Amino acid sequence: MGMEYLVLMLLGVMLAAVLIAVETDDLLSSVIAIGAAGFALSVIFLLLGAPDLAITQVVVEAISLVLLIRLIVTRRDTTGETETPRDALRTALVMLAGGVLICGAYFALAGGQGKGTIPPFGQPVLAHKAGDAVPPGVAADYLARSAEQTGAANVVMAVILDYRAYDTLGEATIIFVAILGAYAVLRRLGRRRDTRESDQ
Amino acid sequence: MSTGIYILALAVLLAGLYAMVAKKNIVKIIVGLLAIDYALNLMLVLVGYREVVRAGCRESGLPPILAEGQTPAQLAAMAVDPLPQAMVLTSIVIGLGLTALMVAMGIRLYERYGTFDTNRIRRLRG
Amino acid sequence: MSEGMTPIVKNTARLISGFIAVFGIYIALTGHISPGGGFAGGVILAAAAVLIVLAFGRSTAERIFTPSQCHLWDAAGAGLFLVVAMLGYFSGGFFVNFIAHISKGQVGKLFSGGTILVSNLCILIKVAAGLAGAFLALSAFRRQGVDAADIVVEGGQKA
């Protein structure tokens, strides 16, 4: 029972940090606030029973902070933001779509007659027994049989590297392409700067 | 209570969406995309959480790691769902790759136009 | 500019970055026993490289690891992962855990889990090299001093 309150409180902190990051004028404060949101998220992961995710989120957040601060710290763009009337219309339309999303999500959660399609917090699909109206997911099988089928104690690792290893191959490809894209964006300018530095 | 937790996560998603659409500064757009990433990962893990009733009181589920002296049947009865965690684990590292790519583009834009403001960049180019 | 930071930071980085690297490799190696895995370990190992680049400056760090070395290790990690997947054909299909079919090992020991251990190491190499190389490429743009006008004149097109 106390777990839900802790998660709710940390979610409130995360929401406050994101709002500060979005609205503040100073870029450095904005980046630090989003870093705070990331660290709050890692504690939420720990409370929800996901220690792998907590470790990964902490280190990813640290590296993201270094990258973002690298971006803004020597680039001082002190002029404010300019605004045109078309921007206000676009913002209004997207917020309207966002509101429709929230309404749809509410119906998915709470349902028209009190029965939503997303299971209530704390009773995942995994928890259903074999005779229920909703069939249990495949995760119960993974939990019960991962030790004898794969020999790994960490079921999450067994899922991503044995049962669903093909998805991990796709994920490694995505990281490869993203890093390649970063190289491609930076490459030409780097060579030009190096020749200019060697000239001086 | 449970609906409230989901609604808060959706509120983070909306805040990130607002930042991506309404703000003109490249850095704010990147921050908005990071917020959307966090909110989506959080929603996935929230769906997989499990509460077990042990000795009459409700407790949180165990992480899905087999401890010493625990049988797999016990783990299957008390652990949280491992599948959303597996999906989110790769998603977090993909988010880091995306951040690196966006920061590279931001650096390149600043070197080319001298400003982070997209309205001014649009005017410079056209 | 490229001399890096003060001597305190440099000496601390010299002492600490080795520990960070070993910690990252440990987290990746015992991924199938305790929380962590190849992804978290790879990012931690990249963090050690990032620390070296930040503390010593880009030109000194390039004497330790160059961008082309990072590209090589990145591709090697991905290629090794594919090789492990293809070797699964010996036991039935793509990505089948062929080592677990031979001998599973004891649950909770280091040499258990079959190809999960090897895959964790491949992912470690891939993620660490990719992120270290990307950060090295990003650190070529540390100074702000280039104006937009310089680049326009050099490239030959008007802004």
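## Report on a predicted three-chain model

The contact between chain B and chain A takes 81 residues from chain B and 85 residues from chain A. Two residues are in contact if their C-beta atoms, placed from the backbone, lie within 7 Å. On the side of chain B that touches chain A, the elements that give two or more residues are helix H1 (2-22), helix H2 (26-47), strand E2 (57-60), helix H3 (72-78), helix H4 (82-113) and helix H5 (118-125) of chain B. Helices (H or I, at least four residues) and strands (E, at least two) are DSSP runs, numbered from the N terminus. H4(B) provides the largest share of this side, 25 residues. By residue type, the side of chain B that touches chain A divides into 54 nonpolar, 17 polar and ten charged residues. Here Ala, Val, Leu, Ile, Met, Phe, Trp, Tyr, Cys and Pro count as nonpolar, Asp, Glu, Lys and Arg as charged, and the others, Gly among them, as polar.

This is a predicted model, in which local features need pLDDT of at least 70 and side-chain atom pairs count only at pLDDT 80 or more, while totals for chains, interfaces and linings use all residues. Residues are numbered from 1 along each chain as its sequence is written, and chains are lettered from A and ligands numbered from 1 in the order in which they are written.

### Chains A and C

A residue is buried if 20 or more other C-beta atoms lie within 10 Å of its own, exposed if 12 or fewer, and partly exposed in between, with C-beta atoms placed from the backbone.

Chain A averages a pLDDT of 82, and 82% of the residues score at least 70. Within chain A, helix H2 (residues 27-47) has the highest confidence, at a mean of 94, and helix H7 (residues 165-199) the lowest, at 77.

Chain C also touches chain A: 44 residues of chain C are in contact with 35 residues of chain A. Helix H2 (38-56), helix H4 (67-87) and H6 of chain C each supply at least two residues of this side. H6(C) gives the most, with twelve residues. The side of chain C that touches chain A divides into 23 nonpolar, 16 polar and five charged residues.

### Nonpolar core

A nonpolar core is a set of buried Ala, Val, Leu, Ile, Met, Phe, Trp, Tyr and Cys residues joined through C-beta atoms within 7 Å. The largest one has 147 residues, of which A:Val18, A:Ala37, A:Ala182, B:Val12, B:Ala35 and C:Val43 touch the most other members. Helix H6 (residues 115-138) of chain C contributes the largest share of this core, 17 residues. Leaving aside neighbours within four places in sequence, A:Ala182 is in contact with B:Ala100, B:Leu101, B:Ala104, C:Ala134 and C:Ala137.

### Helices H5 and H6 of chain A

In helix H5 (residues 139-149) of chain A, the buried residues are A:Ala139, A:Ala140, A:Tyr142, A:Leu143, A:Ser146 and A:Ala147. These buried residues of H5(A) pack against H6 of chain A together with H3 and H4 of chain B. Just after H5(A), A:Gly151 has a positive phi of about 80 degrees. Helix H6 (residues 155-163) of chain A is mostly covered, with nine of its nine residues buried. Among them are A:Met157, A:Asp162 and A:Tyr163.

### Details in chain B

Strand E1 (residues 51-54) of chain B pairs with E2(B) in the antiparallel sense over four bridges. Two strands pair if DSSP finds at least two bridges between them. E1(B) and E2(B) form a hairpin with two residues between them, and B:Ala55 in the turn has a positive phi of about 55 degrees. B:Val53 stands opposite B:Arg58 in E2(B).

B:Tyr113 lies in helix H4 of chain B. B:Tyr113 counts as buried because 20 other C-beta atoms lie within 10 Å. The C-alpha atoms of B:Tyr113 and B:Met78 are separated by 56 Å, and these residues are 35 residues apart along the chain.

Terms used
pLDDT is the predictor's confidence in each residue, from 0 to 100.
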